[in-house]
Amino acid sequence: LGASRLYLSANTPPSVRVAGVIQPLMNGLVLGPAEIETLLISLALATQGGTRASLAATQWSFDLPDVGNVRCTTFKDSRGPGAVFRIVSTDRAVEEPDNLSLDIQTLTMEPDGLVIVAGPRGSDKHTVVRALVELISRSRKAYVINVQREPAIPTHGEGSFVSQREARGLDEILDVARAALQEDPDVLVLEEIRSAPLMNLAFNAA
């Protein structure tokens with residue numbers, strides 16, 4: 001379906017997010033708490049190894065052939081165990097949003113400054129950022145460092161050198177970004193800046 005996320009909760013039909021919209025899977029499948037717990041533990045053991053861990057709040061990722069990288073976040077609510085799977089296809093070509101205006105595209109040519117991409121959850125902010133990085137990689141000879149929480153669709157620059165780095169939490173994003181600035185990048189991309197130190201770093205870098 002081209003879904004970016006799969007939502008799995010006990011005694012509720014699974015749902016997917018497609019183009020920012022959540023919709024139930026129309027297959028009539030409903031799993032009970034014990035079935036979901038067995039599924040998640042089996043998946044964790046198959047992809048991560050080790051011993052059984054608590055599913056109250058766990059996060060891990062794995063590569064799925066012909067699909068891409070899958071990030072699993074487990075939880076427990078009033079229904080029982082559940083999980084959200086975020087799917088990042090590493091084979092899909094980067095798609096530029098249809099509404100990326102010429103004014104926005106020209107921002108990629110600026111030698112310095114700060115660009116903030118903001119919007120509610122599910123508004124496809126990541127697609128806009130990927131499109132901007134792709135435009136930079138095609139139109140400039142620049143050194144681009146992209147700091148993100150999860151592996152992203154690879155960017156293949158024709159003239160630019162793009163280094164994509166994974167950092168899970170806000171503190172790790174801050175550490176990775178600080179280290180990245182020592183490399184004198186032309187463009188620094190931060191997936192999120194939800195802390196005062198990260199915002200200060202972004203302003204200083206700009």
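Visitor: Glutamate 192: is it buried or exposed, and what makes it so?

Guide: Glutamate 192 has a relative accessible area of 15%. Buried means under 20%, exposed over 50%, and partly exposed in between, with a 1.4 Å probe and protein chains only, so glutamate 192 is buried. Before we go on, this is a predicted model in which local features need pLDDT of at least 70 and side-chain atom pairs count only at pLDDT 80 or more, while totals for chains, interfaces and linings use all residues. Residues are numbered from 1 along each chain as its sequence is written, and side-chain values use heavy atoms, leaving out hydrogens and water.

Visitor: Why is the contact of arginine 194 with glutamate 192 called a salt bridge?

Guide: A salt bridge is a side-chain nitrogen of Lys or Arg within 4 Å of a carboxyl oxygen of Asp or Glu. Here the N to O value is 2.8 Å, so the pair qualifies. Arginine 194 itself counts as exposed, at 60% relative accessibility.

Visitor: What makes arginine 71 and glutamate 166 a salt bridge?

Guide: Their closest N and O atoms are 3.1 Å apart, so they meet the cut-off too. Arginine 71 lies in strand S5 and glutamate 166 in strand S8, so the pair ties together parts that are 95 residues apart in sequence; strands here are DSSP runs (E, at least two residues), numbered from the N terminus.

Visitor: How do you know that arginine 71 is buried or exposed?

Guide: Arginine 71 has 4% relative accessibility, so it counts as buried. Glutamate 166, at 32%, counts as partly exposed.

Conventions: Helix = DSSP H or I, 4+ residues; strand = E, 2+ residues; numbered from the N terminus.
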